[in-house]
Amino acid sequence: MTISLKADLHCHSIISDGTLTPEALAARAKSNGVTLWALTDHDELGGQARAATAAASIGLDYLTGVEISVTFLGQTVHIVGLGFDADNLSLWQGLQKTRGGRAQRAHDMADDLARIGILGAFEGALKYAGNHDLISRTHFARFMVETGVCKDTYEVFRKYLTEGKPGYVEHRWASLHDAITWIRQAGGVAVVAHPARYKFSTNEEFALFTEFKGHGGQGVEVVTGSHSVAESLSYANTALEFGLAASCGSDFHSPDESRTDLGVLPDLPAQLTPVWTLLPHRILHAPAIQPCR
Ligand code: AMP
Ligand code: MN
Ligand code: MN
Ligand code: MN
């Protein structure tokens, strides 16, 4: 008997910029029919033990996960790591260094917003950050919805906090090489997250995938909450062209904000190699739950 596998390998908890706990996400994934799950908080492993324990307790298979912020050719690129050892020291130290600049950046963002009359944004955003080590633009966006500056977080990112708009502060994250190396040293697989979201030229995108592969990257998110069907097909071709495995994940952050719910995703195109087939030894299999008699 084959049991079909429904994977969601990209989402966020209160440990980064999501609004649900790891336990609530595990329960939501399970009730939406997910059978293989990964929590991928930004630059943080603080939710991994909770997520793995919660998954095991409800019969959900689990892969460790993280989404690392990288600067490549002047843009922020996100690299998802899957199936690593969450106790690995060099990964942990690399992420700690990557998180390190966030507090100063948040103060600079708040100063920039104050110049256009939006006051108290640092304290306002911090209130939403479940983890003060990881204050993010999403927390600013929530504060700006709360105070009526915008009607939703999408409007915030259209009008503020992005390149050229008030509240945007240029920031240098990890290098592509370092992020991939940390993940690999910890025994995991590196994946280019939501590739259609970047604003690279064709040549720059070619450079991204060439360097990614050259540093030992092995996967690309073909199906994600922010890809259209056409974009998924386009990155299915990229996966084949570069010999990369394919990943899928909703990038779910919040029931009130996210347009794609956990696990509510189209299947990966059949001709691709699913990323979890590279990680059979890394899947934390949940004990079978016995039906009540
Ligand atoms: P940060 O790591 O602080 O730069 O924040 C990045 C996060 O902001 C992303 O992970 C998303 O959750 C959110 N975000 C960034 N750009 C947008 C956008 N255009 N629309 C909605 N959310 C966005
Ligand atoms: Mn996010
Ligand atoms: Mn991302
Ligand atoms: Mn994400």
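The legends below describe close-up views of a predicted model. Local features need pLDDT of at least 70 and side-chain atom pairs count only at pLDDT 80 or more, while totals for chains, interfaces and linings use all residues; side-chain values use heavy atoms, with hydrogens and water left out. Residues are numbered from 1 along each chain as its sequence is written, and chains are lettered from A and ligands numbered from 1 in the order in which they are written.

**View 1. Domain 1 and domain 2 of the chain.** Domain 1 covers 7-96 + 174-278 and domain 2 covers 102-159 (bounds from an automatic or database domain assignment). Their centres, taken over C-alpha atoms, are 25 Å apart. Domain 1 brings 15 residues to the contact and domain 2 brings eleven residues (contact means heavy atoms within 4.5 Å).

**View 2. The area buried between domain 1 and domain 2.** About 930 Å² is buried here, with carbon and sulfur atoms giving 40% (buried area is the accessible area, 1.4 Å probe, that two parts lose on being put together, summed over both). Asp17, Glu257 and Arg259 account for 49% of what domain 1 buries against domain 2, more than any other three residues.

**View 3. Polar and charged pairs between domain 1 and domain 2.** Two salt bridges cross the interface (a side-chain nitrogen of Lys or Arg within 4 Å of a carboxyl oxygen of Asp or Glu). Eight residue pairs are in polar contact, both at pLDDT 80 or more (a pair of N or O atoms within 3.5 Å; within protein, one must be able to donate a hydrogen and the other to accept it, and residues adjacent in sequence count only if both atoms are side-chain atoms). Arginine 102 forms a salt bridge with aspartate 43, with 3.1 Å between the closest N and O atoms.

**View 4. The site of the manganese ion (ligand 2).** Asp17 (OD), His42 (NE2) and His253 (NE2) coordinate the ion at 2.1 to 2.2 Å (donors are N, O and S atoms within 2.8 Å of the metal, or 3.2 Å for Na, K and Ca; water is not among the atoms, so sites may look incomplete). Along the chain the donor spacing is D-x24-H-x210-H.

**View 5. The site of the manganese ion (ligand 3).** Glu67 (OE), His78 (ND1) and His194 (NE2) are its protein donors, at 2.1 to 2.2 Å. Their spacing in sequence is E-x10-H-x115-H. The manganese ion (ligand 3) lies 5.6 Å from the manganese ion (ligand 2).
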